Amino acid sequence: MAVSVRRLGPRAVGLTYLLALLGAPVAMIFYRTFEHGLAPVWNAVTQPNAIHAFWLSVELVAIVVPLNTVFGIGIALLIERGRFRGRALLGLLLDLPFAISPVVVGLALVLVYGRTGWFGNWLTAHGIQVIFSIPGMVLATAFVSLPFVARETVPVLHELGTDAEQAAATLGASAWQTFRRVTLPAIRWGVVYGVVLTTARALGEFGAVSIVSGRLEGQTQTLPLYVQDRFENFDTTGAYAAAVVLALLAFATLLTMNLLARRTRRDTAV
Amino acid sequence: MSPGPVSQALERHSPRRRGLPAGGRSATALGNGLLAGYLSVLVLLPVSALLASAASGGSAAFWQSVSGPEAVAALKLTLVASAIVVVVNALFGTLIAWVLVRDEFPGKRVVNALIDLPFALPTVVAGVVLLALYGKGGPAGIDITFTRAAVGLALLFVTLPFVVRSVQPVLIELDRSMEEAAGSLGAGSWTVFRRIVLPNLTPAILSGAALSFARALGEFGSVVLISGNLPFKTEVGSVYIFNQVENDNVAAAASVSVVLLACALVVLGAMTWLSRRGSAHGG
């Protein structure tokens, strides 16, 4: 039975590690949220501040995801199809959000758009408030979720090659027609996968938004900020309930990712 | 990622490049302009402002903010915790990838799907989740709140997928005939793993490790609730920066940010260089 011991050893160690780090804590938060029944949870998630935080998070996602999708596709096209000197620099710029702490993103935005920042005087003179209000939170969320669509689209574009695009152009299609009728249908699943990742990241962003929002209860408090606020005010029921809402959204994200991955595999198999 | 010679040649003779209708060309220019504007407003200007702010007081002021005892303690904790986390990730990430590729057991697909949960879960929720089990009054009977172990645990949680997801595809593609040959020549399974499998996995392990190191250096949301942010004890670099910003000490925050960012970029740069060298050797 040496074979089964060899197999079981790594399996036992690996699964125990996953259970202790991931499985048990996640199961525990569901258990502790619902241990006193549904009523207190429902009560907690229907608090006005919780509802406001939820819709604010949705609003940020609704602004940021379309922006980063359009510009992400544009960046991917430039990286894969463009022929200019700064391509490597563009790739580096795209990776920057992965290397930079969310807190530092928030700070950097304050240094440009804050009251004492580079554009502070100009923005104040024109009555525009960026920091401690929605525009700043949009910028922070867009910064941290910038790379996903482009990163998922670049390899698909590379794989696709330019043959079909060349053919379309030779047959007289304009650049826009070629993109819409040839390129976009071929890259769509890569783009959608990137959109799912962008949505998850935008919904959960905490550090950068924490700095630029000012965390004003019922005003600039997103759902993740609400979780922190409840937790620090010893309202564990409220914190757990809001955390479970976000966890359920994360599970929905995972499910979509898996369905999409299967879909892409089928597409490439055909 | 550069296009192959064929597509490059095609590109050169592309009618799109030569005889594009005037409207199409100006539309492309407009698109590029918008893109440049977006990236400037979002990334370039803020990062430039960060560097400018760190440099604003000259090198003496920069050095003073970076070498203050609290800043040094925070940076040291961040670097040491990230280093430990990377080693644990490299070991367990490789092991988990191995189990997910080479082993068969009921529920494997669910486990495989759950590996990405730390990427999908908001970081602050990750902190709350860990506290629900390992915090005060939790059923595990231990309380890790406000300890350095809590910092390590939070970092392990959020960086779990990196090594697993970079090793897994390499392991799937790995040709097993080499292992079978070694086995039939009398090598034990550990020898086969160490001499044949591991060398093939090393680039993937390193790249996953580098990504998790960069992530751990800047991690904030999962650490902030669980660690208590006690200066000189559990305060990591990102939390120190946050506190400096809250206290209107922006230049000091920017200086420490630049140090953190430089560390992350050095590690990621080294990874890119290593992987390029590796692929050059492979042909």
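The following exercises, with worked solutions, concern a predicted model.

**Exercise 1. Determine which secondary-structure elements chain A contains and in what order they run.**

Solution. Begin with the count: chain A has 13 helices and zero strands. Next, read the elements from the N terminus; the order is α-α-α-α-α-α-α-α-α-α-α-α-α.

**Exercise 2. Describe how chain A is divided into domains and what their contact consists of.**

Solution. First, locate the bounds: domain 1 of chain A covers 1-35, and domain 2 covers 38-269. Second, consider the separation: the C-alpha centres of these two domains lie 32 Å apart. Third, take the contact itself, to which domain 1 of chain A gives six residues and domain 2 of chain A gives seven. Finally, classify the residues on the domain 1 side of this contact: four are nonpolar, one is polar and one is charged.

**Exercise 3. State the dimensions of chain A, its buried fraction and the sequence range of its contacts.**

Solution. Along its principal axes, the C-alpha trace of chain A spans about 80 × 65 × 30 Å. Of the 270 residues in chain A, 49% are buried, where a buried residue has 20 or more other C-beta atoms within 10 Å of its own. For the contacts in chain A, consider pairs at least 6 apart in sequence; 75% of these join residues at least 24 apart.

**Exercise 4. Compare the span of helix α9 of chain B with the expected value, and locate its kink.**

Solution. Helix α9 of chain B comprises residues 148-173, 26 residues in total. From first C-alpha to last it reaches 39 Å, close to the 38 Å expected at 1.5 Å a residue. Within α9(B), a kink of about 45° lies at Thr159(B), shortly before the proline Pro161(B).

Notes
Residues numbered from 1 in each chain as written. Chains lettered and ligands numbered in written order. Predicted model: local features only at pLDDT ≥ 70, side-chain atom pairs only at ≥ 80, totals over all residues. Domains from an automatic or database assignment. Contact = placed C-beta atoms within 7 Å. Nonpolar A, V, L, I, M, F, W, Y, C, P; charged D, E, K, R; others polar. Helix = DSSP H or I, 4+ residues; strand = E, 2+ residues; numbered from the N terminus. Buried ≥ 20, exposed ≤ 12 C-beta atoms within 10 Å, placed from the backbone. Expected span 1.5 Å × (residues − 1). Bend = angle between axes of the 7 residues up to and from the residue.
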